[in-house]
Amino acid sequence: MQVYTCPFCGLRDEREFFFAGEAGAARPDTTGPVSDAEWADYVHMRRNALGRAREVWMHLTCGELFVMERDTLSARVLESVALRAEPGSGEGAGSAEASGGPDSASGPDGEGAP
Ligand SMILES: [Zn+2]
C-alpha cells in the first residue's frame with residue numbers, strides 16, 4: 001500500500017484518492033475553429049511520462065482537487081499542491097493552477113510548472 005499526501009488532510013491511504021488526469025493539458029482555443037483532431041488530442045491523448053509527472057488527483061474523503069508531482073518510476077510523491085484558491089488571497093495555495101479545475105492546471109508555459 002502506498003501513502004499519498006492531501007494538501008488539506010495530510011498523509012492518507014492511496015485508496016482514498018482518485019486520479020483525475022495529467023496536469024498541464026492545454027485546452028484548445030475556442031475563439032476560433034477547433035478541428036475534431038484537436039479535440040480528440042486534448043481529450044484522449046496523454047503523455048504518460050516516464051519519470052517526473054504532474055497529475056491532478058482528488059482526495060475522495062475531503063473532495064479537494066490538487067496537483068501531485070510524482071516519479072512514475074519509483075512511485076515516490078515529490079509534491080502535493082492545492083488547486084483551490086484560499087479565501088481572501090486572490091491566488092492559489094502556492095500554485096499557479098489555483099484558478100481552475102484539471103483543464104486549466106497548466107502554468108504560463110503550458111507545462112504546469114508553478
Ligand atoms: Zn483531503
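Student: Which element of the chain has the lowest mean pLDDT, and which the highest?
Tutor: This is a predicted model, where local features need pLDDT of at least 70, side-chain atom pairs count only at pLDDT 80 or more, and totals for chains, interfaces and linings use all residues. pLDDT is the predictor's confidence in each residue, from 0 to 100. Elements are DSSP runs numbered from the N terminus: helices (H or I, at least four residues) and strands (E, at least two). The lowest mean, 92, belongs to helix α1 (residues 36-44), and the highest, 96, to β2.

Student: Over which residues is the pLDDT below 50?
Tutor: The chain averages a pLDDT of 80, and 74% of the residues score at least 70. Where pLDDT is low, the predicted coordinates should not be read in detail. The stretch below 50 is residues 89-114.

Student: Which residue in β2 stands opposite Thr 5?
Tutor: Residues are numbered from 1 along each chain as its sequence is written. Strands β1 (residues 3-6) and β2 (residues 10-13) pair in the antiparallel sense over 4 bridges; pairing requires that DSSP finds at least two bridges between two strands. They form a hairpin with 3 residues between them. Opposite Thr 5 is Leu 11.

Student: Is Arg 70 buried or exposed?
Tutor: Arg 70 sits in strand β5 (residues 64-71). A residue is buried if 20 or more other C-beta atoms, placed from the backbone, lie within 10 Å of its own, exposed if 12 or fewer, and partly exposed in between. Because Arg 70 has 20 C-beta neighbours inside 10 Å, it counts as buried.

Methods
Two residues are in contact if their C-beta atoms, placed from the backbone, lie within 7 Å.
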